[in-house]
Amino acid sequence: MKEEVINYLKAKEGGVFLDCTLGGAGHTKAILDANKNNIVYAIDRDINAIERAKDFLKDYKDRVFLYNTEFSNANSSIFIGIEFDGILADLGLSQDELKENRGFSFNDESFLDMRMNQESVLTASNIVNEFESKELYKILKIGGVGKEAGSIVNAILKNRPINSAKELSQIIKSATLKFYKGKKLNPSALTFQAIRIAVNNEFGEIKKLLENVPSLAKPQARLVVICFHSLEDKIVTSTLRSFEKGENDKISLMVAKEEVKGIGKLITKKALVPTQEEIQENFASRSSLMRVFEFN
Ligand SMILES: C[S@@+](CC[C@H](N)C(=O)[O-])C[C@H]1O[C@@H](n2cnc3c(N)ncnc32)[C@H](O)[C@@H]1O
């Protein structure tokens, strides 16, 4: 959805942009190319993404600034005096992360890691091999696993220690045969998603980012968020709807109801989704949902 991102960010009109999820730098580069005066501040918690982008974006080095941190840290203390015309968050994993044998893919045979930030403490191996059954069950449910969660937890406990993503995936498959009979979805998909969400505190990160965004946005700035699954999208839409109603403003709760004003509007009432052509080019994009918000 690169073209839509550029259009919704109004990147051709020129300005200062924040890309919260640099990844393979495709969006950052497209923003830089959209107008030769554009400046992009780009964040990624994965040092590999930052290192690759230094080379990939070397021709733009006067106009792009890279930050190796979590996007929950994007606030007015790291961007002192900077306000953005457009802010982008393309949530989830990059194609590079999926291919780097870091435990994200069902067939990875290396250490069961799943950390986007290689410096963070908690790994998927900690969760799978050390957490009590109740905690494990809670993580799976929060991350979207259905009624098969109990069977998966039992199978994990029985097969500990589990050393790789491939091993975990095989254990899940055998434990969930009756739940996935005749279904297309890989039986490991939701469990992997749930563990990854917990390892990387993904919901906490999005909430904190959305809390900070209003103080980083110029008047009429656009925020574009691309979610990879409906659980994320739910958090994003409910927060953006609360922005529309002014509910985010703690002070406004102390004033009369008729004085409470929203801070902008959700431009996309329905989520934008990729075209068939895009899905064919990049199958992983099939479940993407894009939302756009414009600040007052
Ligand atoms: C879907 S990819 C972005 C792809 C990118 N838009 C492109 O054009 O290639 C998401 C990237 O965001 C990073 N990321 C995810 N959550 C993050 C967070 N909380 N803080 C910083 N970076 C994060 C991941 O490491 C990954 O590289």
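**Ligand shell, domains and helix packing**

Thr-21, Gly-23, Gly-24, Gly-26 and Glu-205 come nearest to the ligand, out of 20 residues around the ligand (a residue is near a molecule if its C-beta atom, placed from the backbone, lies within 6 Å of it). By class, this shell has six nonpolar, seven polar and seven charged residues; Ala, Val, Leu, Ile, Met, Phe, Trp, Tyr, Cys and Pro count as nonpolar, Asp, Glu, Lys and Arg as charged, and the others, Gly among them, as polar.

This is a predicted model, in which local features need pLDDT of at least 70 and side-chain atom pairs count only at pLDDT 80 or more, while totals for chains, interfaces and linings use all residues. Residues are numbered from 1 along each chain as its sequence is written.

The protein chain is divided into domain 1 (2–96 + 202–295) and domain 2 (121–199), with bounds that come from an automatic or database domain assignment. The centres of the two domains, taken over C-alpha atoms, are 30 Å apart.

The helix packing comes next. Helices are DSSP runs (H or I, at least four residues), numbered from the N terminus. Helix H6 (residues 133–142) packs against H7 at an angle of about 135°, with the axes 10 Å apart; axes are lines fitted to C-alpha atoms over the stretch in contact, and angles run from 0 to 180 degrees between N-to-C directions. H6 is therefore oblique to H7, as angles under 35 degrees count as roughly parallel, over 145 as roughly antiparallel, 65 to 115 as roughly perpendicular and the rest as oblique. The crossing of H6 and H7 is right-handed, that is, the near helix is turned clockwise from the far one by less than a right angle. Ser-133, Leu-136, Tyr-137, Leu-140 and Lys-141 of H6 meet Ala-149, Gly-150, Ile-152, Val-153, Ile-156 and Leu-157 of H7, where contact means C-beta atoms, placed from the backbone, within 7 Å. These residues divide into eight nonpolar, two polar and one charged.

H6 also packs against helix H10 (residues 189–199), at about 105° and with axes 8 Å apart, so H6 is roughly perpendicular to H10. Ile-139, Leu-140 and Ile-142 of H6 make this contact with Thr-191, Ala-194, Ile-195 and Ala-198 of H10. Six of the residues are nonpolar, one is polar and none is charged.

Helix H7 (residues 149–159) in turn packs against helix H8 (residues 165–175) at about 130°, with axes 9 Å apart, and so H7 is oblique to H8. H7 passes H8 in a right-handed crossing. Ser-151, Ile-152, Ala-155, Ile-156 and Asn-159 in H7 meet Ile-171, Ile-172, Ser-174 and Ala-175 in H8. This contact has six nonpolar, three polar and no charged residues.

Note on methods. Helix = DSSP H or I, 4+ residues; strand = E, 2+ residues; numbered from the N terminus. Contact = placed C-beta atoms within 7 Å.
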